[in-house]
Amino acid sequence: MGTKKYSFKRYRKLLLPLILLLAVTEGAAIVCGATFEKLLQGLSKGLSFLLYMFPPDWSAFAEMLQPAVESILIAFLGTVFGAILSIIFALFAASNLSNKYVRSIVRFLIGFERSIPEIVILLLLIAAFGLGAMAGIIALSIGCIGMIGKLLGDTIEEIDVIMMESMESVGANKLQIIAFGVMPQIMPSLISYVLFRFEINIRLSVILGAVGAGGIGYELEYAFGLLEYHRALTAILIIMIMVFGTERLSLMLRNKIKTEGVLK
Amino acid sequence: MIEVKNLTKSLPNGRKLLDGISFTVKKGEFVGILGPSGAGKTLTLRCLNGLLKPDSGEVILEDEKGLKHDLCKINKRELRRVRQRIGVIFQGYHLVKRLSALENVMIGRLGQINTFRSLFYGFTDEEAVEALKALEQVKIANMAEMKTGTLSGGEMQRVAIARAIFQSPALLIADEPISNLDPSNAKIIMKMIKPLSANIPVVGVFHQPEMTAKYCTRIIAIKDGKIFYDGDPKLSNNMLAEIYGEELSQIEQQEHAIPMVAVN
C-alpha cells in the first residue's frame, strides 16, 4: 500500500509540464486548423482511395523495373561518392589529426550541410545540372557529409593518440599514419555508417526522383499526375520492395560487422 | 651513442621539471632510469626521441657512421629522418589493433620507405620476410597473421619489440615497458630487450628496482628533475629508500590515515 502511494508521487512532478504540453498542442492544432473531425474524414477518404487504387496495374510492372533500377543506382553512386567526400571531411574534422582552426571550420561546414534538407540541395543543383540523375547523385553525395562526416570524425577522435604518436616516432608522416593507423581502425564503423546511409539514400532517391532526379519517384509522380492510380500503386509496391530489400540487406551486413567487431 | 647535456624544462609558473640532466649512454649499455613519479623520468625519455623539446640543453644521437644529430636543434623534416632509427616501446603497447602482428612490425619502417610506395603498394616480400624474422626473434612468429587486438599484453609488447628490431635502430627507448605485465611476462620482456643493447644504447624508464638490478648494466636515478644517482644497477636498500623516500613515506602516512578493508 505504502509503496503504491509513493509510486504515484513521482508523477506529481510531471503534472505541470504535461498540462503545458497539452495547452501548446491544442494551440498549435488551432493555428494549423487540425481537428479530429478532419482526421476521421481524411482517414475514411484515404481508405476508400486506397481501395479505389486496387488492383495494381501489373502490365506496368515490367516497364517500371528500369526506373526502379535507376533509383537504386542513383542511391548507390550518391553513397559511394558521398562516402569518399565524407572521409575527407572527417579526417579534417578530427581533433587528433587536424589543426584546431581547420577542425572548427570543417565541423561548421558539416553541421551547416546537415541543416539543409537534401531536397533543397537538389533544387539548387537542378538549376546548375538540369533535371535528371546527375543532380540527384550529387545531391545525395553532399547529403552524406552531414551524417557520415560527423559520425566518422567522432570515431577518428576516439583513436588512441599515443598509437599515432608511436607511429610518428618511427618517422611516419601524416598520410602514412592515416593509411596504416587510422583507416584500419575506423573501417568497421565506416562500412556500417555507409550501409546505413545507403538505406536512407534509397528512400531519398525516390523522393528526389519525384522532384526531378528521375527514377521510380518520377514514375510515381507521373502516374499520379495522369490520375492513373492503378499504375501508381504498382510504383508504390516496387518502392516498398526496394526499401524493404535494401534495409534487410544492410541490416544483415551491419550485424555481421558488429559480431565480427566483437571478435576484433 | 646518445649524449644528453644539461637538459632543462620548466612550467610557465617557474617550477623546474628538468634541472640540468646530463648523461651519456654508449652501445653495450642497458640503462634503467628510476625515480619517484613526477621526478622527470618520462620527460627525459621524451626528449631522447624529440617528442618533447627541452627549454635548453642538447640531445646528441650518434649513428654507426659517426654522424651526430642534435635532436633539439634539427628541423621537423630531419627529426623525422633521425626518428626512423629510434625504436620506442611504450607501456600501453599502442599498436594498431586491427592490423596483424606482422603488419604492425612493418609499420616500424614506414618512415624509411617512399610515401607513395607505402600508400599504393605496401611492403615488399623481402620486407615481410625480414619482419617475420623479427617476430621469430621475440618467439611469436606463429602469431604473425593474428590481429594484434586479440593478443595478450605480453604478446603485444613482443610485437612492439619486434617492430623496434625491424627498424634496425641506432637507439632503443622503452617507457615503462613492463609496468602492465605480470612478473613472468615482465622477465621475458626484459630478457628480450637486454641482448639488443649489445649493438645499440638502450634506455628505459622502470618502476621495478629488482628487475633493473638483474638486467640493466647501469642505473640513473632522477629526483626533482636532477640526477640523484648514476652507477651500479645493484642498489642498496638505503639508496632505494633515499630515491623513493618521500613517496614511500607519503604512502605509509596514508595507510595510517585511511583504514583499508578488502571487499569481495
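Biologist: Which strands form the open sheet in chain B, and in what order?

Modeller: Start with pairing: two strands pair if DSSP finds at least two bridges between them. Strands (E, at least two residues) and helices (H or I, at least four) are DSSP runs, numbered from the N terminus. In this predicted model, six strands of chain B make an open sheet, ordered S6-S7-S8-S3-S9-S10, with mixed pairing. S6 and strand S10 (226-231) of chain B are the edge strands, and each pairs on one side only. From one strand to the next, the twist averages 20°.

Biologist: How should I read the numbering and the cut-offs?

Modeller: Residues count from 1 along each chain as its sequence is written, while chains are lettered from A and ligands numbered from 1 in the order in which they are written. As the model is predicted, local features need pLDDT of at least 70 and side-chain atom pairs count only at pLDDT 80 or more, whereas totals for chains, interfaces and linings use all residues.

Biologist: Which strands run parallel to S8(B)?

Modeller: S3(B) runs parallel to S8(B), joined by four bridges. There, Gly32(B) has Gly204(B) as its bridge partner. S7(B) also runs parallel to S8(B), again with four bridges. Leu172(B) stands opposite Val202(B) in that case.

Biologist: How do S9(B) and S10(B) run?

Modeller: Antiparallel: five bridges join strand S9 (residues 218-223) of chain B to S10(B). Ala221(B) has Tyr229(B) as its bridge partner in S10(B). Helix H1 (residues 41-48) of chain B packs on the sheet. This helix touches strand S3 (30-34), strand S7 (171-175), strand S8 (202-205) and S9 of chain B. Its direction makes about 150° with that of S8(B). Such axes are lines fitted to C-alpha atoms, for helices over the stretch in contact, and angles run from 0 to 180 degrees between N-to-C directions.

Biologist: Are the faces of S8(B) buried or exposed?

Modeller: Count C-beta atoms, placed from the backbone, within 10 Å: 20 or more others means buried, 12 or fewer exposed, and in between partly exposed. Both faces of S8(B) are covered. Val202(B) and Gly204(B) are buried on one side, Val203(B) and Val205(B) on the other.

Biologist: Why is Lys187(B) called partly exposed?

Modeller: Because 15 other C-beta atoms lie within 10 Å of Lys187(B). Lys187(B) sits in helix H7 (residues 183-193) of chain B.

Biologist: Which residues have the most contacts inside the largest nonpolar core?

Modeller: A nonpolar core joins buried Ala, Val, Leu, Ile, Met, Phe, Trp, Tyr and Cys residues through C-beta atoms within 7 Å. The largest has 128 residues. Those with the most contacts inside it are Met167(A), Val105(B), Leu135(B), Ala160(B), Ala162(B) and Ile173(B). Helix H9 (residues 174-213) of chain A gives the most to this core, 14 residues.

Biologist: How many residues of chain B are in contact with chain A?

Modeller: Contact means C-beta atoms, placed from the backbone, within 7 Å. By that rule, 28 residues of chain B are in contact with 20 residues of chain A. Helix H2 (76-83), strand S6 (86-89) and helix H4 (115-120) of chain B each supply at least two residues of that side of chain B.

Biologist: Which element of chain A has the lowest mean pLDDT?

Modeller: pLDDT is the predictor's confidence in each residue, from 0 to 100. Where pLDDT is low, the predicted coordinates should not be read in detail. Helix H1 (residues 2-9) of chain A has the lowest mean among that chain's elements, 61. Chain A has a mean of 89, and chain B averages 88.

Terms used: Two residues are in contact if their C-beta atoms, placed from the backbone, lie within 7 Å.
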